[in-house]
Amino acid sequence: MHIKRHVYDYGKLAASLGLVLSVFAAGAAGQMGLGLSPMRLEFNVNPGAQQTGSLTLGNDSKEEIRFRTEILDFNIDKEAVPQFEKEIPGEAQYSCRKWLTFNPMEATIPAMGNILVRYTLQVPPEMPARTYHCAGGFTSLPPDPAAPAAGYWNEHRSRNGLGVLPHSR
């Protein structure tokens, strides 16, 4: 029963996640933004198996952007809005956060450019067959403090998230 509720909620998640993240990714004059493609991964994977792939993280500004990756838990609240946190104890039995890795975890994206971010999801062999969920968060950072100053930093952070929904068979 609990799994069916989660699967149903993931349909809501796709719509909510797309809407929420499109707001974060929209660049306005004088601002920077990160674009992420795809914003949702859903696949079948057997316990003990590994799933790998890549994402494209884009920069729609005229300045380079540094970013940092976070591996997160997420759940869907009563209003069908995704909630991303470093850890959500109540979702621990459905979390795949500890199985997920990204490379690079931090990098710089050239102006009007993009970068590939690789991911690997390694499902432990003892995991029961069901749907799990976790996320990757990509947050822009201030310019590199070691780089020569080239003006001022207008504090604006852009954040994108990736929903990962592996279905263990």
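**Terms and values**

Mentor: The side chains of E70 and K86 are joined by a polar contact of 3.1 Å. This is a predicted model, where local features need pLDDT of at least 70 and side-chain atom pairs count only at pLDDT 80 or more, while totals for chains, interfaces and linings use all residues. Residues are numbered from 1 along each chain as its sequence is written, and side-chain values use heavy atoms, with hydrogens and water left out.

Trainee: What makes the 3.1 Å between E70 and K86 a polar contact?

Mentor: A polar contact is a pair of N or O atoms within 3.5 Å; within protein, one must be able to donate a hydrogen and the other to accept it, and residues adjacent in sequence count only if both atoms are side-chain atoms. The E70 and K86 side chains, at 3.1 Å, therefore qualify.

Trainee: Why is E70 called buried?

Mentor: Buried means under 20% relative accessible area, exposed over 50%, partly exposed in between (1.4 Å probe, protein chains only). E70 has 18% relative accessibility, so E70 counts as buried.

Trainee: Why is I88 called buried?

Mentor: Its relative accessible area is 13%, so I88 is buried too.

Trainee: Which residues does I88 touch, leaving out those up to four places away in sequence?

Mentor: I88 touches D73, F74, N75 and Q83, a contact being heavy atoms within 4.5 Å. I88 and D73 are 15 residues apart in sequence, yet 6.1 Å apart in space, C-alpha to C-alpha.

Trainee: What is the average pLDDT of the chain?

Mentor: The average is 76, and 67% of the residues score at least 70; pLDDT is the predictor's confidence in each residue, from 0 to 100.
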